[in-house]
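Please look through the structure below before reading on, and keep it in view while you follow the text. The report is written for a reader who is new to describing proteins.

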Amino acid sequence: MTTAEQLEGPQKVTWCTGCGNYGILAALKKAVIELDIPVHNLVISSGIGCSGKIPHYIGGLNSFHTLHGRPIPVASGIHLTNSELRVIVHTGDGDCLGEGLGHFVHAARRNVNLAVFIHNNGVMGLTKGQFSPAAPRGYVSNTSPPPPGAPMDPANPVTQAIVAGATYVARGFSGDQKALVELMVGAVNHRGFAVLDILQPCVTWNRQLTWKFYNENTYSLQDNGHDVTNKLSALEKALSSDSKIPIGVFYKVDAPDLASGIALPKDVPLKDHITNLKDVQKIIDDLVL
Amino acid sequence: MDITFNIGGEAGQGIDTIGDLLSQVFVQAGFYTFTIKDFESRIRGGYNFTQVRVSDRPIHAPVDCIDVIVALSREAVTEQRNNLEEEGVIIFDDTIEFDNLEACHYPAPLERIAKEVGGNVRMMNAAALGAILSVLRFPFKLAEEALNAIFGRKGEAVVASNVAVAKALYDLTTEKFTGTCRYSLDTLEHGPCKDRLLLTGSRALALGAMAANLKWISAYPMSPSTSVFMDIVSYAHDLNIGALQTEDEIASICMAIGASYTGARSMVTTSGGGFSLMVEAVGLSAMAEAPVVIYNAQRPGPSTGLPTRTEQADLLFMAFASQGEFPRIMLAPKDPLEAFDVATRAFNLADKFQIPVMILGDQYFADSVMNIQRIDVSGVKIDRGKLAASGPDPDYKRYLLTKDGISPRAFPGDEGKSVVSSGNVHREDGHITENADIRTKMVAKFMNKLPAIMESLNPPILYGNEGAEITLLTWGSTWGAANEAMQILKDAGVSINQLHFCDLYPLRTEKLRKVLSKSRQIISVEQNVTSQFAQLVKMATGITAHHHINKYDGRPMTARWIVDEIREAGIK
């Protein structure tokens, strides 16, 4: 059984006081304990940004802190060569929806068995507050054009995921621990591409998307009745221009995952499989005239 | 005997199948063959050719002069006219309208006979073969034996119809053809060559990678690298190799790095443009010490350049690609046989030093076909490098500081260990840091690998006598043409040798200094405009080449071209 002591962070946390990431880290630890998967079989692949630092604040498990925008392809390589591992991607809205959006869409299309947790605060925090792809239209920052602010609509990861083919799509809020842990556990246990968009305030830079805003403007999908197997109603909820933001599972279906279409050995993880040299010799000999 | 055939036509007309059949027949008959492919970036139409050179002595490059042209389109009838030997022959299908007939022209009913005798227009390759062999007075008995061996696996009916079509054209040509050819092979018997494995550089690399226990390959299609990926995909199910065509080259290399982190041997294949996209992740492979083998089949750049043609101009780019400083290894096989060996070595070197290893090929290397001896895989050794002791170890450190800079690897899933990797500067346990002292130690860790890396690389090979006055300095696929040029000049009384490099970077300099110090004229011969390898040599040793021979038109070199360049430059 995994204990809280095992998961104690190897490093001092560098996030700002009051940061939404603390709630995500706390929920992750609770989820790992609840999942009760041996920690040596858990891997975190993270990108770059405040979200990317999470592997250094949780101990015991494996992790790979990769490049900006690339934690999903790295995680795909990890999962496919050792499908006994459970791989969780921690990425930010800048990481996942900016440089990484192409990978995100294609990974969803492939239904690769990963759980992707997007730390979504609408802002590029670590580079000091530029507007992210998830920033609302008109968001004023040091790189958005004055006077209108960001002159474009935000990327919506929930919509993107549903349309692209993800088979578990949910939204959580860093301030709602109970629901967030449940959604994380659900995402990791789901076989296929699971996306969890996690709303989290950036207390330093983002004056619009605050704790107060989220507390007042979110509601539970599940408490209000929603069919998670219906793609169109999932999209309807995801696209809703209602001022209230839905939290919970939008979409969840079963579909063949990528690994089932790859030449993986039956008995061992791919990384432990050894090619029989006699088979290679036979291939060569068949080519000899 | 040294004959060259050129089969020209539109893309999609089947010129490759004629070329393949021709080389197979000569291989069966005991000869050395060397085939190049020259094609445009289009699916149908245009003008493309396959050029097959056949000899009773080993050959490693094409030549400029053609003995027999087989033309499947009007353009192909005229396109190579100037390269035809004085007693050369141009065979073309008699449905092609062409009036300016000379003695060398021979319109033949290839398509008609293929349909009438073989019942299928696709038998044109056998028809063309019959016409070619008749023009050469090649004994049909040898051809029949060869066709039996080539088509034997497909059943008697296939053999019989191929033989019948070839024979029909052979007899018809013997009767009708009135021109001359500089070869009359009527007394020909089996040649001396026993090498029966017809292989491209691409396929040899694929076979080497598979023998080296490759378990993961991800790639995005890009000429001229794709054939390696296609070959491996075709065996992926049988050998259990994970293979995925990704959304782009960035994803390819990132997946390969993820695979490497879990302990699978991984590889990516691409060309220069794709490698450009991969560059940031090359740095991740280095920083995380997650070894990856990267194959770049070079083509002329910059940008899209000439997508289906050849160049060696990515050398310095690859040597210095990525921000920051770290060790890497670069290897450039000269031919298919060496390619197999290079592939198996690349994976061992990558694992041993936990670094990216790059294999540089080019379109000429990738697509050229030659017959080589049967490759025996029993000699392939797998060296995974330093591995951590099995069993739980709560204090396991992925980046443990050691004297040789190499830390024992463990993999996620290993019970009782936590494997932490990062592209940021990290502590021994893999967690990130900005500490100046650790940063310095981690850079030193990279650099401490260098002495052993140098030891593991092969020195260059000297062809000819040490102490010759002129040295040809070559690397990778230009070996064959330069080697033949050296022989031609030597035979003409020139004091010349060739110093050839497969292992390019980091550059071993002992033998290089020894050989070059004795030569009066160093001539670099490279398929690029800036003599990139000569620049690398100068950087590492201060030795400057005296002359530079550079080809950058996208077409491979020939020995005659090199000899002419040397003579025109007045080098003696």
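Predicted model: local features only at pLDDT ≥ 70, side-chain atom pairs only at ≥ 80, totals over all residues.

Residues are numbered from 1 along each chain as its sequence is written, and chains are lettered from A and ligands numbered from 1 in the order in which they are written.

## Chain B as a whole

Chain B holds 19 helices and 21 strands, where helices (H or I, at least four residues) and strands (E, at least two) are DSSP runs numbered from the N terminus. Along the principal axes, the C-alpha atoms of chain B fill a box of roughly 85 × 55 × 40 Å.

A residue is called buried if 20 or more other C-beta atoms lie within 10 Å of its own, exposed if 12 or fewer, and partly exposed in between, with C-beta atoms placed from the backbone. Among contacts in chain B between residues at least 6 apart in sequence, 73% join residues at least 24 apart, a contact being two residues whose C-beta atoms, placed from the backbone, lie within 7 Å.

## A sheet within chain B

Strands of a sheet pair through backbone hydrogen bonds, either parallel or antiparallel. Two strands are said to pair here if DSSP finds at least two bridges between them. In chain B, an open sheet of 8 strands with mixed pairing has the order β6-β5-β4-β1-β3-β2-β14-β7. Its edge strands are β6 and β7 (197-200) of chain B, each of which pairs on one side only. Neighbouring strands of this sheet are turned by 20° against each other on average, direction ignored; axes are lines fitted to C-alpha atoms, for helices over the stretch in contact, and angles run from 0 to 180 degrees between N-to-C directions.

| Strand pair | Sense | Bridges |
|---|---|---|
| β4(B) (residues 66-71) and β5(B) (residues 84-93) | parallel | 5 bridges |
| β5(B) and β6(B) (residues 105-108) | parallel | 4 bridges |
| β1(B) (residues 2-11) and β3(B) (residues 45-55) | antiparallel | 9 bridges |

Together with helix α2 (residues 74-79) of chain B, β4(B) and β5(B) make a right-handed β-α-β unit; a crossover is right-handed if, with the strands pointing away from the viewer, the path from the first strand over the helix to the second runs clockwise.

## Where the chains meet

The contact takes 48 residues from chain A and 63 residues from chain B. On the side of chain A that touches chain B, the largest share, 8 residues, comes from α2(A). The residues of that side of chain A divide into 25 nonpolar, 19 polar and 4 charged, where Ala, Val, Leu, Ile, Met, Phe, Trp, Tyr, Cys and Pro count as nonpolar, Asp, Glu, Lys and Arg as charged, and the others, Gly among them, as polar.

Which strand of chain B is joined to β2(A) by 3 bridges? The partner is β15 (residues 420-422) of chain B, and the two strands run parallel, with Ser421(B) as the bridge partner of Phe64(A).

This pair belongs to an open sheet of 9 strands with mixed pairing, in the order β9(A)-β10(A)-β7(A)-β8(A)-β4(A)-β3(A)-β1(A)-β2(A)-β15(B). At its edges stand β9 (218-220) of chain A and β15 of chain B, each with a single partner strand, so one side of each is left without a neighbour in the sheet.

Within this sheet, β9(A) and β10(A) pair in the parallel sense over 3 bridges, and β9(A), α8(A) and β10(A) make a right-handed β-α-β unit. Because 6 of the 8 residues of β10(A) are buried, β10(A) is largely enclosed by the rest of the structure.
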